[in-house]
Amino acid sequence: MSKGQLPRWVDYGVLPALNLLAAFIISGLVVIVIGEDPFEAVKWLVWGALGYGEGIGYTLYYATNFIFTGLAVAVAFHAGLFNIGGEGQVYLGGLGIGLVCLALDRYVPWWVTFPCAIIGGALFGAAWAFIPGYLQAKRGSHIVITTIMFNFIASALMVYLLSNILIPQGTMSPSSRTFEAGGQLPLLRNVFTSFDFGQSPVNLAFFLALAVCGVVWLLIWHTKLGYEIRSFGANPDASAYAGISPVRVTVITMLISGALAGLMGINVVMGEQTRLLLDFAGGAGFVGVAVALMGRGHPIGIILASMLFGLLYQGGAELAFEIPTISRDMIVVIQALVILFAGALEHMFRPAVAAFFNRFSSSTAEA
Amino acid sequence: MGSVRCFSWGRGNAFETVYFESRHAIDTQVNDLIDQKGRATVAESNVPAIELIGVSKSFGPVQANKDIDLVVGKGSIHGIIGENGAGKSTLMSILYGFYHADSGTIKIDDKTTTIPDSKSAIAQGIGMVHQHFMLVDTFTVLENVILGAEGGALLKDGVANARSELKRLADEYDMTIDPDAVVGDLPVGSQQRVEILKALYRGADILILDEPTGVLTPSEADHLFRILRVLRDQGKTVLLITHKLREIMNVTDMVSVMRRGEMVASRKTAETSMEGLAELMVGRSVLLEVDKPEVEVGKPLLKVEGLNVKDDRGVLRVKDVSFKVRAGEVLGIAGVSGNGQSELLAALSGITRAESGKMELSGEKLDLSKAHDAAEMRTMGMSHVPEDRHRMGLVNKFTEYENSILGYHREPKYSKGMFLSKDAIRKEAKERIEKYDIRPPTPDMTVAKFSGGNQQKIVLAREIECDPDVLLIGQPTRGVDIGAIEYIHNRIMDMRAQGKAVLLVSVELEEIRSLSDRIIVMFDGNVVGERGPEATEQDLGLLMAGVNQEAENDHELPV
Amino acid sequence: MLDTIILILDSTLRLSTPLLFACLAGLFSERAGVVNIGLEGKILGAAFAAGAAAYVFQSPWIGLLAGIMVSVMLALVHGYASISQRGNQVVSGVAINFLAAGLTVLLGQAWFSQGGRTPALSPQNRFQSITLPFADTLANVPVLGPIYANLISGHNILVYASFAAVPLTWWIVFRTRFGLRLRAVGENPSAADTAGLSVTLLRYRATIICGVLCGFSGVYLSVAQGAGFIKDMSAGKGFIALAALIFAKWKPVNAMFTCLLFGFLDALAIRLQGQEIPGIGEVPVQVFQALPYVLTVVLLAGFIGRAIPPKASGIPYVKERT
């Protein structure tokens with residue numbers, strides 16, 4: 001295998017960059033097909049995301065979502081589990097957060113609700129991931145399929161709850177009532193008044209996401225549990241030999257993964273919408289797969305990848321506004337291409353890059 | 001071409017007879033010609049069926065085959081022997097078109113040829129029985145046999161023909177098999193016969209068998225050898241790849257020895273001895289000199305009683321096994337691999353759950369039919385060097401220091417609360433690297449980059465330095481270079497001298513004999529006999545084949 | 001009563017058709033060892049291409065052709081990633097789904113400016129219902145007459161095609177050389193390789209067939225059942241088909257019954273919306289929507305039988321170094 005060995009900076013820097021570049025080039029071609037100028041598009045995209053305070057605020061807001069779902073997918077990856085059910089776990093986590101907010105918002109200030117909501121979201125998200133994890137560990141049902149099924153079951157459940165149970169009397173739209181101040185997370189525009197975040201919904205959940213990144217980093221690389229998770233993911237036989245219970249690791253990892261996904265609701269439900277509504281997950285669970293892949297399972301990588309996707313989401317909205325023929329769906333296309341090139345085709349450029357570096361390194365060795 | 005040949009196979013006996021006779025005549029003529037020229041390389045056989053000249057193959061920096069010359073006579077059984085990793089399988093994969101040689105010439109039937117893929121190998125009359133069977137478990141025997149040579153776009157076109165052809169082949173070569181049985185349900189011996197039939201059905205004249213007896217019981221192996229002899233007598237050429245000397249002596253006409261990617265010798269089997277071949281294989285005297293001082297034997301530290309273990313397919317692999325290992329004693333478990341040793345180790349070390357059985361470990365009684373895990377056994381003073389370090393003993397992606405605590409990561413000295421104390425772990429890893437002379441001395445390097453011997457030392461250091469009462473050790477020197485072998489053997493002797501109980505499982509008889517104080521032999525899951533280290537190789541060999549001469553008069557053992 | 005039953009069964013057939021095409025598509029792919037999470041995306045892509053082409057060229061047949069072409073192209077992307085590049089098949093499938101979801105609406109908006117829809121198709125540009133011979137004359141025969149005239153007759157050609165595809169699939173998979181080889185690469189690709197077969201080629205062929213069948217499924221949605229493409233019109237059908245495939249234990253005839261069952265649940269949900277079931281009361285429509293997924297999870301967990309996938313599915317084939 002030494003032929004494929006590359007310096008770490010190539011593995012973690014050059015290759016992902018090349019994959020990303022390929023995704024962007026194809027996206028550019030799509031823009032050309034539509035009959036627009038890709039460079040013009042990039043200009044609007046970047047400006048929309050980073051060019052002014054409100055754009056930056058939105059970029060950070062979206063990135064917050066992806067950090068949570070990216071971490072969820074990454075933690076499961078470390079145990080060799082493919083949790084594609086982030087979407088459902090986000091949804092259910094949001095329910096937990098929503099219920100906490102609905103119960104407390106009239107009686108206590110937000111900083112009391114906040115930790116309770118974190119617990120509620122984590123618990124509900126974890127519970128939704130528990131069943132697929134348990135079924136995989138105990139009954140051998142494939143976690144990819146079960147988590148996909150659970151996404152749909154979550155969706156049906158939430159539609160039912162929102163349109164029959166949580167809907168306030170006399171309204172037609174399937175959503176809960178808006179939380180009062182005690183269930184609203186402070187927006188950064190109200191906290192850091194010196195910076196102009198415009199009307200962007202970026203809120204305290206952003207710092208929660210960063211803190212959670214630190215927690216995950218500690219968990220995976222510095223705790224006994226993390227050691228067990230990584231052993232199990234890298235070599236299940238060796239971990240059985242080491243006395244690590246596969247059932248325990250699978251279930252605990254899925255609980256953690258589901259809890260991380262569940263926390264995304266803090267940003268959307270408690271931070272932005274301040275109510276529980278349909279489809280608030282909006283595909284973020286799947287973006288988490290792309291983020292985890294691009295970030296190579298490391299919290300720093302995940303933050304960077306989340307920022308990139310946040311940028312695309314916000315920039316894409318601006319782009320659609322400036323060039324109406326390029327609708328927001330362009331972002332979905334770019335996202336698909338990033339998943340394709342950074343995920344499924346991640347090894348495509350490896351042989352060529354390896355050949356290049358081998359020649360380079362051998363020629364320097366001679367000299 | 002393969003399909004044409006297949007077709008001719010189906011023509012019936014009249015054609016066959018003519019075919020064989022005429023070919024025999026040609027062979028004789030050619031033989032005469034060669035004799036006149038004085039180039040005859042092999043006595044019984046005539047025209048070489050296979051000739052390799054200067055074949056080399058590298059995988060990256062590893063040279064698996066170095067300038068190999070080989071002549072295999074037609075209508076002979078030719079053995080290729082060598083230690084694990086000597087390059088035998090690579091060479092055969094080149095012959096079967098799985099790999100491409102970097103350089104060299106291949107001649108089949110005296111014609112220079114290339115074998116770009118398996119399809120081409122089949123077309124040139126080469127069939128291969130792989131070490132891991134290439135069978136589709138959910139298919140029937142018939143479906144497996146015709147796969148790739150179906151004889152038409154619709155299955156029904158070929159099936160009837162194949163059925164009668166299969167019956168004919170099975171009869172001719174003394175292989176009874178139900179064509180409609182699902183392969184996954186068959187015992188391994190029968191599965192192997194399906195593999196042979198597959199090759200013959202495709203019209204193979206040259207049959208390569210890669211370590212065919214590794215998974216067979218001795219009686220199944222004997223059956224296989226009978227089949228091989230029949231094949232040879234019918235004019236087929238058989239290449240037998242193995243690392244077992246007994247098989248070479250038993251069944252081959254010629255033998256070639258490989259060592260570290262090179263072909264070191266070719267001999268007529270009748271003119272060589274096991275000792276001679278063994279020396280050629282390892283390039284040193286095989287009688288391992290181990291310093292084995294007198295040690296006072298203490299009380300039993302490990303007692304096992306009535307152990308029964310099933311594998312994941314529900315087959316009983318360990319049958320009512322009982323033994324004791326005392327302090328200061330090495331108990332060797334000999335046997336052909338696959339006779340229950342792996343399952344025994346897995347059950348004792350807590351990895352799998354036994355059907356029934358009691359264990360007493362350092363005075364504590366355990367019911368092995370209850371759930372235990374490896375961590376529990378470790379805390380009770382048992383450590384375990386597994387048979388397969390890559391699959392079990394190490395996490396290849398992890399660094400050296402991370403591997404140095406595998407299984408012991410919950411020990412208080414490695415952690416503070418829920419966190420690992422990485423400094424303490426690294427520091428200890430460095431000490432062990434020094435003590436065990438592990439190279440390169442870099443605890444932060446991923447373990448996959450270490451050589452086999454050093455990897456084994458990493459495992460050994462971990463399992464010995466935890467100061468266990470009982471050490472289970474499986475195949476301690478598999479895939480390990482000679483220098484490391486000696487080191488590992490000495491460490492095992494140190495454990496013995498310190499009054500530990502060591503249970504040693506190895507398929508290398510020499511290793512067992514030179515290290516053990518007592519030897520028990522496992523056959524088909526049973527302990528079939530116990531001997532002292534002075535037992536002869538022949539005596540142990542018979543036991544390993546399931547024949548207990550001492551007990552033979554009392555009752556019959558299964559053969 | 002009979003009329004109600006016939007009505008529900010009739011809509012069951014129509015709702016099962018896209019599932020059945022997609023389910024058989026998945027069957028070919030997974031039997032060859034390529035896991036296909038991307039059925040959904042291929043259906044969506046085909047639906048859009050068919051809707052657009054049928055409108056532009058004023059022909060359902062050209063729509064069919066375009067739909068199949070686009071679906072096969074997406075299938076080839078999946079094939080390239082998972083067969084040639086040995087990438088993660090689940091990840092590739094996710095990418096295909098997003099790609100289709102994004103591109104269809106993006107291009108639809110750019111080309112037709114109707115919010116991602118394609119323009120509504122006039123009846124002659126869609127596949128229309130076919131009245132089977134004697135359907136009208138036999139309609140008055142008690143019981144059998146209405147069944148023939150209203151349930152069996154009166155569907156468009158794609159409905160019949162989907163049911164004809166079931167025995168055809170069975171025959172190909174279990175009675176032809178190609179089927180034998182296909183199953184072999186899905187169970188043990190090394191066995192096929194050493195038998196002189198190209199695992200790559202076989203898997204590509206299976207992937208292309210998967211694309212063609214997904215194409216039919218998508219075309220049905222936009223040019224037969226519907227009258228043009230609507231954003232996200234596949235609405236999870238690819239995933240229900242995947243569930244059906246598992247539920248059917250990767251067998252064609254089982255697949256038909258499972259798709260009929262799932263189609264029936266859907267028909268029932270529509271029928272019973274807002275209605276009370278005697279003795280039970282009003283059952284939320286979401287129960288029916290979730291039922292296929294719940295059933296699949298229960299099956300996968302081994303509580304009702306055991307679903308064992310082809311052994312090599314999801315695993316890229318790499319020649320092993322012995």
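Biologist: Why is the meeting of the side chains of C:K231 and A:D329 called a salt bridge?

Modeller: Their N to O distance is 4.0 Å. The term asks for a side-chain nitrogen of Lys or Arg within 4 Å of a carboxyl oxygen of Asp or Glu, so this pair counts as one. The model is predicted, so local features need pLDDT of at least 70 and side-chain atom pairs pLDDT 80 or more, while totals for chains, interfaces and linings use all residues, and side-chain values use heavy atoms, without hydrogens and water. Residues are numbered from 1 along each chain as its sequence is written, with chains lettered from A and ligands numbered from 1 in the order in which they are written.

Biologist: How many salt bridges does the rule find across the interface of chain A and chain C?

Modeller: One salt bridge is found there. For residue pairs in polar contact, both at pLDDT 80 or more, the count between chain A and chain C is also one. A polar contact is a pair of N or O atoms within 3.5 Å; within protein, one must be able to donate a hydrogen and the other to accept it, and residues adjacent in sequence count only if both atoms are side-chain atoms.

Biologist: Which helices of chain A each supply at least two residues of the side that touches chain C?

Modeller: They are α1 (8–34), α5 (110–139), α6 (143–165), α13 and α15 (329–344). Helices here are DSSP runs of H or I with at least four residues, strands are runs of E with at least two, and both are numbered from the N terminus. With 13 residues, α6(A) gives the largest share of that side. By class, the side has 31 nonpolar, 10 polar and two charged residues. Nonpolar covers Ala, Val, Leu, Ile, Met, Phe, Trp, Tyr, Cys and Pro; charged covers Asp, Glu, Lys and Arg; the others, Gly among them, are polar.

Biologist: What makes residues of chain A and chain C count as in contact, and how many are there?

Modeller: Contact means heavy atoms within 4.5 Å. On that rule 43 residues of chain A are in contact with 41 residues of chain C.

Biologist: How is the area that chain A and chain C bury between them defined?

Modeller: Buried area is the accessible area (1.4 Å probe) that two parts lose on being put together, summed over both. Chain A and chain C bury about 3,400 Å², and carbon and sulfur atoms carry 82% of it. On the chain A side, A:R139, A:M149 and A:F152 lose the most area to chain C, together 17% of what that side buries.

Biologist: What is the area buried between chain B and chain C?

Modeller: It is about 2,300 Å², with 60% from carbon and sulfur atoms. B:F98, B:L147 and B:L155 supply 23% of what chain B buries there, more than any other three residues. The contact joins 29 residues of chain B to 25 residues of chain C.

Biologist: Which chains does the salt bridge of A:E228 and B:R410 join, and at what distance?

Modeller: The two side chains meet at 2.9 Å, N to O. The pair crosses between chains, from A:E228 in helix α9 (residues 224–234) of chain A to B:R410 in the loop between α14 (400–403) and β17 (415–416) of chain B. Over all chains, the search finds 46 salt bridges.
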